[in-house]
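Please look over the sequence and the model below before reading on.

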There are 4 protein chains.
Amino acid sequence: MNFCSDNTAGAHPKVLAALTAANGGAAMPYGNDELNRRIETRIAELFERDCAVFLVGTGTAANALSLACLTPPWGAVFCHPEAHINCDECAAPEFYSGGAKLVTVAGEDGKISAEAFAAALDAGGFGNIHHAQPAVLSLTQATEAGTTYTQREIRRLADLAHQKGLTVQVDGARFANSVAYLDCRPADITWRAGVDVVTFGGSKNGAFAAEAVVFFDRAKAAEMPFRRKRGGHLWSKMRFLAAQFEAYLDGDLWLLNARYANSMARRLGQGLAKLPGARILYPVEANEVFVELPDGVIRGLEGDGFRFYRWPDDTAATIRLVTAFNTDPQHVDALLANAERHVRRLAVSPA
Amino acid sequence: MNFCSDNTAGAHPKVLAALTAANGGAAMPYGNDELNRRIETRIAELFERDCAVFLVGTGTAANALSLACLTPPWGAVFCHPEAHINCDECAAPEFYSGGAKLVTVAGEDGKISAEAFAAALDAGGFGNIHHAQPAVLSLTQATEAGTTYTQREIRRLADLAHQKGLTVQVDGARFANSVAYLDCRPADITWRAGVDVVTFGGSKNGAFAAEAVVFFDRAKAAEMPFRRKRGGHLWSKMRFLAAQFEAYLDGDLWLLNARYANSMARRLGQGLAKLPGARILYPVEANEVFVELPDGVIRGLEGDGFRFYRWPDDTAATIRLVTAFNTDPQHVDALLANAERHVRRLAVSPA
Amino acid sequence: MNFCSDNTAGAHPKVLAALTAANGGAAMPYGNDELNRRIETRIAELFERDCAVFLVGTGTAANALSLACLTPPWGAVFCHPEAHINCDECAAPEFYSGGAKLVTVAGEDGKISAEAFAAALDAGGFGNIHHAQPAVLSLTQATEAGTTYTQREIRRLADLAHQKGLTVQVDGARFANSVAYLDCRPADITWRAGVDVVTFGGSKNGAFAAEAVVFFDRAKAAEMPFRRKRGGHLWSKMRFLAAQFEAYLDGDLWLLNARYANSMARRLGQGLAKLPGARILYPVEANEVFVELPDGVIRGLEGDGFRFYRWPDDTAATIRLVTAFNTDPQHVDALLANAERHVRRLAVSPA
Amino acid sequence: MNFCSDNTAGAHPKVLAALTAANGGAAMPYGNDELNRRIETRIAELFERDCAVFLVGTGTAANALSLACLTPPWGAVFCHPEAHINCDECAAPEFYSGGAKLVTVAGEDGKISAEAFAAALDAGGFGNIHHAQPAVLSLTQATEAGTTYTQREIRRLADLAHQKGLTVQVDGARFANSVAYLDCRPADITWRAGVDVVTFGGSKNGAFAAEAVVFFDRAKAAEMPFRRKRGGHLWSKMRFLAAQFEAYLDGDLWLLNARYANSMARRLGQGLAKLPGARILYPVEANEVFVELPDGVIRGLEGDGFRFYRWPDDTAATIRLVTAFNTDPQHVDALLANAERHVRRLAVSPA
């Protein structure tokens with residue numbers, strides 16, 4: 001009963017089946033195969049627009065490579081303090097970009113505040129050689145708080161960015177969960193809202209290692225083939241990356257998976273919200289729940305064998321619960337039941 | 001009938017089966033799972049020595065990451081002019097190392113000459129701040145010419161390197177093919193011969209994307225966890241990297257595959273050697289054959305639908321034929337038969 | 001009447017004279033000359049301790065090179081949000097370090113707060129490969145607010161840093177001004193307080209282009225000769241760097257210059273403090289005064305031909321006044337008199 | 001009597017005088033002063049063409065910064081094996097470019113052979129993501145062998161480069177010596193011959209630390225202001241860089257100095273050529289003489305107190321003699337006389 005991360009889930013059976021299907025016969029290496037030729041068209045159809053697509057195996061690669069295409073080494077990349085690129089990638093964006101600077105812009109519920117971003121741009125030092133030059137706005141969608149930027153929120157931030165010549169990148173490791181939550185089209189919260197590049201994640205949502213970096217402006221992608229190769233992210237047998245993604249697109253598996261994961265998170269969130277002493281920290285929109293609980297309840301659940309992380313660290317009174325495409329509803333219900341039991345127990349004999 | 005590369009082959013069925021087997025239930029991400037804990041022990045057993053093991057998805061990543069651990073940014077890495085790290089990785093070692101310099105040392109049959117290496121060390125400028133500082137000797141095993149360094153050859157080069165304080169890294173994308181050819185133990189041509197680090201390749205030999213970087217000295221591996229993460233090469237679902245490798249080790253699949261591929265190359269080489277006008281360029285030891293042929297024969301084979309590369313480029317009179325774990329013997333025989341037919345045809349009416 | 005920066009001052013005549021004196025006869029290049037051999041001893045005497053010394057031409061080089069020796073590319077460097085390395089060096093530390101991350105830690109009067117630093121260390125993610133690894137604490141002395149860390153303040157911060165294995169670097173572009181203010185020995189606020197490396201600035205205080213990077217632990221300096229050369233900061237005629245520094249040390253010119261500059265700032269600060277409507281933002285300890293003034297007064301002074309920067313940008317109601325070793329006291333008094341005149345004028349007919 | 005390098009000479013008295021002249025009064029920092037505004041025009045006049053000019057303190061900085069503006073991190077820079085950028089800058093170009101690759105192209109007398117360069121371009125792998133992408137041709141003028149490319153030679157190489165989309169950079173640390181030798185205009189062997197960027201050296205020819213990077217196409221210089229600042233090569237008191245260069249240009253000091261240095265080298269070369277057993281290795285065109293001499297003669301001269309380097313290392317039978325703007329003719333004559341004496345002595349009693 002593991003709620004640590006959507007990364008603890010394996011791959012979807014259809015993705016694995018696609019690998020087997022892709023395994024027959026010879027195929028030219030490094031992406032010069034039929035499957036890879038096809039995948040760009042498929043993704044363009046999904047996004048309703050011509051785009052340049054680059055598959056890679058990890059979210060960190062997808063973010064760092066795309067950012068490196070969008071910023072000079074002396075550029076500034078604006079992101080939320082909690083952004084994965086800022087906290088969880090061991091300075092990969094700095095490495096790939098040759099030393100660009102991540103500048104954090106705060107905001108509630110894991111989202112960059114437009115006011116704070118406007119202020120950061122005002123202090124941007126454009127053209128001043130002593131300052132890192134504002135180059136990219138990076139949004140995390142869904143956010144690290146399990147929330148989702150609306151089209152309107154993105155549009156406002158993107159307009160601010162574009163007025164000053166910045167490009168807008170979206171870390172979409174959980175992009176599917178946002179589309180599922182908003183019940184919108186992928187285009188609505190990307191290029192139609194001003195997004196220039198999105199990393200469309202598969203690994204957390206049914207693939208075993210596959211992310212698609214999608215550039216809506218091919219000119220911005222000019223360096224990407226070299227950067228991907230040079231970063232060691234061009235697989236020799238690229239067909240196995242494309243095969244994962246094709247299965248992920250077929251029959252909207254990406255969307256069904258995300259909808260399911262979101263529903264499990266919602267179920268968790270609604271159940272926990274009813275518990276006395278529990279406080280849900282952020283609106284539960286994607287597939288994550290952050291909940292503050294009495295320490296005795298947390299320890300009780302840990303003792304019952306539930307696995308999750310305290311957040312932001314081991315001493316916290318908040319836990320993060322993440323659901324996935326294959327979360328067992330019985331695990332969800334068991335967690336809720338046990339939590340309630342611990343709450344009651346503690347009410348009788350407080351720790 | 002594709003002889004372009006061992007990368008055109010798919011994955012071995014046992015490797016795919018292992019993915020499915022690994023897919024049951026939750027597993028902690030980023031390598032903190034059962035399979036990953038096991039794989040280091042398995043590889044240590046294979047190499048008959050304690051070692052630090054890091055799995056990654058591509059050969060370029062394996063090389064660039066390991067070299068970056070062994071050289072400062074101002075270091076010199078000695079390699080053969082034809083080495084993959086020098087010619088085929090889009091300057092990945094320079095990128096990962098922060099700007100180290102590859103210094104080429106020539107030699108016949110794709111192998112670095114000990115005399116040339118000794119001379120390069122003499123000109124090394126040790127301690128001279130104006131010069132890149134000699135740091136690593138990188139050997140390709142099997143070489144890009146399809147040959148294999150013997151234990152004695154490695155020992156001699158490694159001794160020269162160690163006397164001057166350099167470390168010895170082996171690009172072992174086709175390491176299995178060398179072990180198979182020499183009929184030796186992996187240890188014999190690695191640490192017993194003075195090798196400090198080897199990248200033990202799986203992707204060209206039955207895995208779909210898996211290489212193991214093996215450090216025989218754990219102290220040299222201290223930076224590797226950070227470099228791998230920061231390079232975006234730590235998969236979130238690392239179990240799928242480990243599962244490939246476990247299947248690759250089980251029942252010596254790696255060795256059986258390599259032996260088979262070598263045998264197909266030998267069959268090709270022996271057949272081609274008998275053709276009038278054909279000249280085999282290098283001893284056929286691993287799974288590659290380089291053969292000079294009359295242009296009419298090459299064009300004839302191309303017309304018959306055989307696929308291979310002219311070498312080193314499209315204007316050459318030499319072709320490279322690569323075999324794999326699943327090369328069809330009938331394809332080999334067909335190529336030999338057709339080549340002979342073209343030779344005869346041309347003898348009657350020369351182009 | 002220029003109060004923009006201590007950089008607008010030229011060089012001290014004694015420094016220029018030293019260049020001429022150093023110009024006779026041949027001298028071996030790249031620091032292998034008599035003057036350079038001597039300078040390390042001289043600086044060791046000043047700091048009362050053996051140290052490794054590296055001269056360079058700019059403060060940015062001094063900071064970026066020294067930090068690069070102290071952090072891995074995936075390291076975190078803690079600094080004040082206003083630190084020169086964070087705001088005014090176009091991401092030079094990120095460049096030289098190969099992508100390390102500057103993490104800002106706030107505090108009043110331009111100084112890092114010990115509480116905030118302790119909290120940052122608690123959230124440091126030591127050993128966690130997903131996080132940049134805490135590596136260096138960088139203090140600016142004197143600070144960008146014109147204040148000075150006391151020995152006690154440094155000691156407390158350094159102890160926190162050392163307990164967690166970080167090293168302590170001081171950006172000492174205005175180090176002389178702090179020594180002058182505290183009336184202490186250079187050792188008191190460096191190694192005696194826990195500082196591992198200090199950049200001892202000359203360029204803002206009488207040299208024309210000379211900074212000394214001083215490592216109190218020679219082992220930490222091992223990479224510096226290569227990094228300096230590779231960064232293009234080893235002059236071929238290094239005698240002209242050493243000559244500047246020797247003149248700067250002779251007769252304590254560095255200290256006399258700093259004392260004088262501080263005294264001029266104090267005179268400015270005391271005068272301005274008396275003006276109705278003026279607010280001095282930070283204690284005036286080194287050679288900078290930050291003062292909030294009615295806009296009419298600022299515009300009046302600008303109209304009178306005084307030059308200075310509004311701070312932090314052109315729209316601010318605060319101005320920064322910087323004094324130097326050669327600030328003309330009549331300019332100081334003129335500014336005070338004119339400011340008073342403008343205050344009076346505005347009191348009669350407010351803008 | 002030091003013939004080790006033109007770097008052992010000090011600065012020309014007129015350059016030092018210019019520093020003093022520049023020292024009066026306040027000047028805005030970082031190049032925003034009168035002298036710096038003037039210098040670009042002066043250099044444009046000298047080169048008879050509009051150009052973007054960037055002053056820095058060292059030749060390594062001038063080369064590495066300009067190359068970094070002309071190549072992507074995955075680019076290839078073609079240069080002679082003996083080029084300073086390849087041998088003597090501790091991999092600075094690799095550092096500044098973010099990991100570009102220097103590819104050596106041989107040729108006699110220190111010059112790249114057009115045939116070899118054409119062959120290198122043929123093997124360039126343009127557009128092939130596995131290869132570093134050909135980006136820059138770097139010529140050393142005067143060469144490390146003391147020779148000079150003619151306009152015709154440059155034109156031929158530049159045409160080859162431009163046909164393939166490469167840019168042409170000249171390492172002109174001794175550019176003045178080539179102009180003096182050819183008795184041409186600076187434009188003749190730069191933009192009129194196809195050169196896109198030249199580093200116009202001052203440090204080896206009378207300045208104490210000053211080089212001008214000259215871009216004939218302003219668009220190619222767009223990144224340079226940021227790269228210079230970020231590399232720590234923008235002096236705060238830039239007036240002292242400009243002042244050196246102005247004095248260097250005034251009255252054609254640069255040319256007079258170079259002519260003189262060349263004449264001293266010629267005198268050395270002509271004298272040495274007459275000695276039995278001496279062999280001049282390369283045409284003496286600039287200010288360097290490479291001469292093979294009997295070991296006894298070399299040791300004799302060393303014993304007499306003459307200083308020079310054996311070339312390429314301490315075991316060689318060749319010595320390199322470098323002259324400068326202030327080489328004493330009596331030292332030249334003394335060296336010739338002593339060499340002759342040693343030759344005679346050895347003829348009587350051979351070592």
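Start with Val105(B): leaving aside residues up to four places away in sequence, Val105(B) touches Phe78(B), Cys79(B), His80(B), Pro81(B), Ile112(B), Ser113(B), Ala116(B), Phe117(B) and Ala120(B). The model is a predicted one. Val105(B) sits in the loop between strand 3 (101-104) and helix 6 (114-122) of chain B. Is Val105(B) buried or exposed? Its relative accessible area is 3%, and because buried means under 20%, Val105(B) counts as buried. For a sense of distance, Val105(B) and Val213(B) are 108 residues apart in sequence, and their C-alpha atoms are 24 Å apart in space.

Turn next to helix 13 of chain A, which covers residues 329-348. How far apart should the ends of this helix be? At 1.5 Å a residue, its 20 residues should span 28 Å, and the end C-alpha atoms are 29 Å apart, which agrees. At the start of helix 13 of chain A, a side-chain oxygen of Asp328(A) comes to within 2.8 Å of the backbone nitrogen of Gln330(A).

Which residues of helix 13 of chain A are buried? They are Val332(A), Leu335(A), Leu336(A), Asn338(A), Ala339(A), His342(A), Val343(A) and Leu346(A). An α-helix has 3.6 residues a turn, so residues three or four places apart point the same way. The buried residues of helix 13 of chain A pack against helix 11 (253-273), helix 12 (295-303) and strand 11 (318-322) of chain A.

Charged side chains come next. Side chains of opposite charge can pair when their charged atoms come close. Over all chains, the count is 100 salt bridges. One of the salt bridges joins Asp304(B) and Arg341(B), with the closest N and O atoms 3.4 Å apart. This pair links distant parts of the chain, 37 residues apart: Asp304(B) is in the loop between helix 12 (295-303) and strand 10 (309-310) of chain B, and Arg341(B) is in helix 13 (residues 329-348) of chain B. Asp304(B) is partly exposed, at a relative accessible area of 27%, and Arg341(B) is partly exposed at 41%.

Asp333(C) forms a salt bridge with Arg267(C), and their closest N and O atoms are 2.7 Å apart. Asp333(C) is partly exposed, with a relative accessible area of 34%, and Arg267(C) is partly exposed, with a value of 34%. The side chains of Arg279(C) and Glu292(C) also meet in a salt bridge, at 2.7 Å from N to O. Arg279(C) is in strand 8 (residues 279-280) of chain C and Glu292(C) is in strand 9 (residues 288-292) of chain C, 13 residues apart. In chain A, salt bridges that share partners join Asp6(A), Arg174(A), Glu288(A) and Arg320(A) into one network.

Now consider where chain A meets chain C. Here 19 residues of chain A are in contact with 19 residues of chain C. The two chains bury about 1300 Å² between them, with 48% of it on carbon and sulfur atoms. In chain A, the residues that lose the most area to chain C are Cys90(A), Lys101(A) and His130(A), together 37% of what that side buries. How many salt bridges cross between chain A and chain C? There are 2, and Lys101(C) and Glu94(A) meet in a salt bridge at 2.6 Å, N to O. The count of residue pairs in polar contact between these chains is 10. On the side of chain A that touches chain C, helix 4 (84-87), helix 5 (92-97) and strand 3 (101-104) of chain A each supply at least two residues. Helix 4 of chain A gives the most, with 3 residues.

The last stop is the interface of chain C and chain D. The contact takes 48 residues from chain C and 48 residues from chain D. About 4000 Å² is buried between chain C and chain D, 60% of it on carbon and sulfur atoms. Across this interface there are 0 salt bridges, while 34 residue pairs are in polar contact. The side of chain C that touches chain D divides into 24 nonpolar, 16 polar and 8 charged residues.

Methods
Residues numbered from 1 in each chain as written. Chains lettered and ligands numbered in written order. Predicted model: local features only at pLDDT ≥ 70, side-chain atom pairs only at ≥ 80, totals over all residues. Heavy atoms only, no water. Contact = heavy atoms within 4.5 Å. Buried area = accessible area lost by both parts, 1.4 Å probe. Salt bridge = Lys/Arg side-chain N within 4 Å of Asp/Glu carboxyl O. Polar contact = N/O pair within 3.5 Å; in protein donor to acceptor, adjacent residues only side chain to side chain. Nonpolar A, V, L, I, M, F, W, Y, C, P; charged D, E, K, R; others polar. Helix = DSSP H or I, 4+ residues; strand = E, 2+ residues; numbered from the N terminus. Expected span 1.5 Å × (residues − 1). Buried < 20%, exposed > 50% of the residue type's maximum accessible area, 1.4 Å probe, protein only.
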